[in-house]
Amino acid sequence: MMQTAEQFRATWESHPDTLVRAFTRVLVDFGYHVSPASVQEWITSYYAGEKPRGGPAMFVHGWLQKGID
């Protein structure tokens with residue numbers, strides 16, 4: 001199921017924990033060792049205009065910018 005960047009933004013504004021859990025689960029499934037706290041920090045910083053820092057954070061930044069198909 002495709003999710004657009006706009007849908008992610010709406011979810012973040014209404015149910016941020018849902019978005020954090022979903023992104024964390026996908027990253028863990030990819031084999032990354034990430035915490036929900038890290039994912040939440042990345043989302044918050046990217047929506048505040050900060051640039052990605054590398055690693056799995058790049059996936060989060062890309063999803064927030066382009067969505068997932």
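**Entry 1: contacts along the chain**
I began with contacts, meaning heavy atoms within 4.5 Å. Of the contacts in the protein with a separation of 6 or more, 48% are between residues 24 or more positions apart.

**Entry 2: what I am looking at**
I noted that this is a predicted model, where local features need pLDDT of at least 70, side-chain atom pairs count only at pLDDT 80 or more, and totals for chains, interfaces and linings use all residues. Residues are numbered from 1 along each chain as its sequence is written, and side-chain values use heavy atoms, with hydrogens and water left out.

**Entry 3: the elements**
I looked up the helices (DSSP runs of H or I, at least four residues) and strands (runs of E, at least two), numbered from the N terminus. I found 4 helices and 0 strands, in the order α-α-α-α from the N terminus on. The radius of gyration, taken over C-alpha atoms, is 11 Å, close to the 11 Å of the globule rule for 69 residues, so the protein is as compact as a globular protein of that length. That rule is 2.2 Å times the number of residues to the power 0.38. Along its principal axes, the C-alpha trace spans about 25 × 25 × 20 Å.

**Entry 4: the inside**
Next I checked burial: under 20% relative accessible area is buried, over 50% exposed, and in between partly exposed, with a 1.4 Å probe and protein chains only. Buried residues make up 30% of the 69 residues.

Which residues touch the most other members of the largest nonpolar core? They are F23, V39, W42, I43, V60 and L64, out of 15 residues in that core. The elements giving two or more residues to this core are helix 1 (5-14), helix 2 (16-29), helix 3 (36-47) and helix 4 (56-66). A nonpolar core here is a set of buried Ala, Val, Leu, Ile, Met, Phe, Trp, Tyr and Cys residues joined through side-chain atoms within 4.5 Å.

I then picked V60 and set aside its neighbours within four places in sequence; V60 is in contact with F23, L27, W42, I43 and Y46.

**Entry 5: two residues up close**
Is S45 buried or exposed? S45 sits in helix 3 and is buried, with a relative accessible area of 6%. Beyond its neighbours within four places in sequence, S45 is in contact with E50 and R53.

I turned to Q7, which lies in helix 1. Q7 counts as partly exposed, at 37% relative accessibility. I also looked up Q7 and Y47: they are 40 residues apart along the chain, and their C-alpha atoms are separated by 14 Å.
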